Amino acid sequence: MFSQASMPSTSSILSAYTTFAASAMVVKTMLHEVKTMAKQLIPQQLQDKILSGIGRLIGDQSSSQMTLVIEEYNGYAMNQIFEASEIYLQTKISPSVDRLRVSQAPREKNMLVTISKGEKVIDLFEGIQLKWEMVSSAEKQLAMGDKGERRSIELSFLKKNMEKVLSSYLPYVVEMSEMIKEESKVVKLHSLGNPQGGAVVGGGAWGCINLDHPSTFETLAMDLNLKEELIKDLDRFVRRRKFYKRVGKAWKRGYLLYGPPGTGKTSLIAAMANYLKFDIYDLELSNLLRNSQLRKILVSTKNRSILVIEDIDCSAELQDRQAGRYNQPNTELTLSGLLNFIDGLWSSCGDERIVVFTTNHRDRLDPALLRPGRMDMHIHMSYCTPYGFKTLASNYLGVSKHRLFPKIERLITEVEVTPAEIAEELMKSEDADVALEGVVEFLMRAKIVGKEVGEEGITERQDVVVETKRQKIWSGGIEGFDYMPPAPSLSFL
């Protein structure tokens, strides 16, 4: 026990406390200044390492960091978490970010701004602080002599928050990215960046641009019933996810567009893409050498997309199924490889996909390519009809009625002319009277040439006759015979 004489006085205690408090304030101020200088002089990455080391020294396991590495590609396929993260981070860019990637496609209204390599973005979610970082590195030399860029995104947070990040935060990021995509959806046209399978910027085989094709179902010069049936089929396809899963089928649909050149097959594909807001992947089989290349390229396409192979009868000899391969030297690309992706085991690698083949000659294709499950609907794109002509006249001249309409409609039923040919005539003048008179003259010449071809009894292949006929129509002729072209048709297989 202290004696009363040895106890310090109240004034001494207060004086000592005041001195201690003042010293503490000085130390606190100095630490604050040191921290501020450290932030200015020491890189953030080094700061993180120092703090992490101090945390380990004092045994504070709660401060240890966990980092999730999100690669751009998962094997052959695009990593959807990477795509979602990249879109989500566009909304989280702050003034603290020093470097950004800025791009703008031709005729695109808005610029695309994303974080650049090495930049960090801080996000808060339900009281959790998360740090995103874009990482990029050059890939090793590829077998075909190309080099690519390997991209990934790193997400760092405290280890104790692992469960919440995986179960709540990342699903939230995916959901937000889907909302952003729907609000600013731009249909893309993809083509092979490197036909030999080498990577392009971003690590994939596909390069893309915005699809600026203005074609819609309203502007297509197709038979009205044909358009309505196709629209109903597309609507039914996109809403039947659970149905396809229940019946055990891959969620995909195949369409074969066939008919003479100039009947609108390519415009129909663009109209389908614009209607569904699906990206288009344009594939040329003649650029591929092996089934492995075809498989890698097809699996790397995204969901909600249209794979297009135009003029499939010309790109390779697909009817030669007995040989099992195309008649090209040093090739290992087979029809079986293509069929396996359309409805084989590889067809299940992706959802909500549409496959479209076009051809001028359906009879030249192997029947195995045309059966149900591969090409589910066969759509005949025929010569121009009276309804198709009225659509074109409305599109090009802005007229729905005219004194020459009855005569033109009668002539169209008597000759074989394509919508492309009628459109070319309508473009020759902005004056409706002049343009429609030109259409009448063109159809009269077509009727004359049709009679000449019939009387001469030409026996060459139909495509040669048609081409000869086209040349005669453009050069002029005299009056001829009547012919009723077949009506447009659509078949469900």
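In helix H7, the buried residues (under 20% relative accessible area, with exposed meaning over 50% and partly exposed in between, for a 1.4 Å probe and protein chains only) are Lys265, Leu268, Ile269, Ala270, Ala271, Met272, Ala273, Asn274 and Leu276. The helix is thus mostly covered, with nine of its twelve residues buried. The model is predicted: local features need pLDDT of at least 70 and side-chain atom pairs count only at pLDDT 80 or more, while totals for chains, interfaces and linings use all residues. Residues are numbered from 1 along each chain as its sequence is written, and side-chain values use heavy atoms, with hydrogens and water left out.

H7 covers residues 265-276 and reaches 17 Å from its first C-alpha to its last, close to the 16 Å expected at 1.5 Å a residue; the expected span is 1.5 Å times one less than the number of residues. Helices (H or I, at least four residues) and strands (E, at least two) are DSSP runs, numbered from the N terminus. The buried residues of H7 pack against helix H5 (224-238) and against strands S11 (252-258), S12 (279-282), S13 (305-309) and S14 (353-359). Contact here means heavy atoms within 4.5 Å. After H7 comes Lys277, whose phi is positive, near 60 degrees.

Aromatic rings are the next topic. Rings of Phe, Tyr and Trp (its six-membered ring) pair if their centres lie within 6.5 Å; planes under 30 degrees apart count as stacked, over 60 as edge-to-face and the rest as tilted. By this rule there are eleven aromatic pairs. One of them joins Phe125 and Tyr172, a tilted pair with 5.3 Å centre to centre and 35 degrees between the planes. Phe125 lies in strand S6 (residues 120-125) and Tyr172 in helix H4 (residues 162-183), so this pair ties together parts that are 47 residues apart in sequence. Phe125 counts as buried because its relative accessibility is 11%, whereas Tyr172, at 29%, counts as partly exposed.

The pair of Phe389 and Phe405 is edge-to-face, because the ring centres are 5.1 Å apart and the planes stand at 75 degrees. Phe389 belongs to helix H12 (residues 386-397) and Phe405 to helix H13 (residues 405-412), so the pair ties together parts that are 16 residues apart in sequence. Both Phe389 and Phe405 are buried. Ring pairs also link Tyr88, Phe125, Trp132, Tyr169 and Tyr172 into a cluster.
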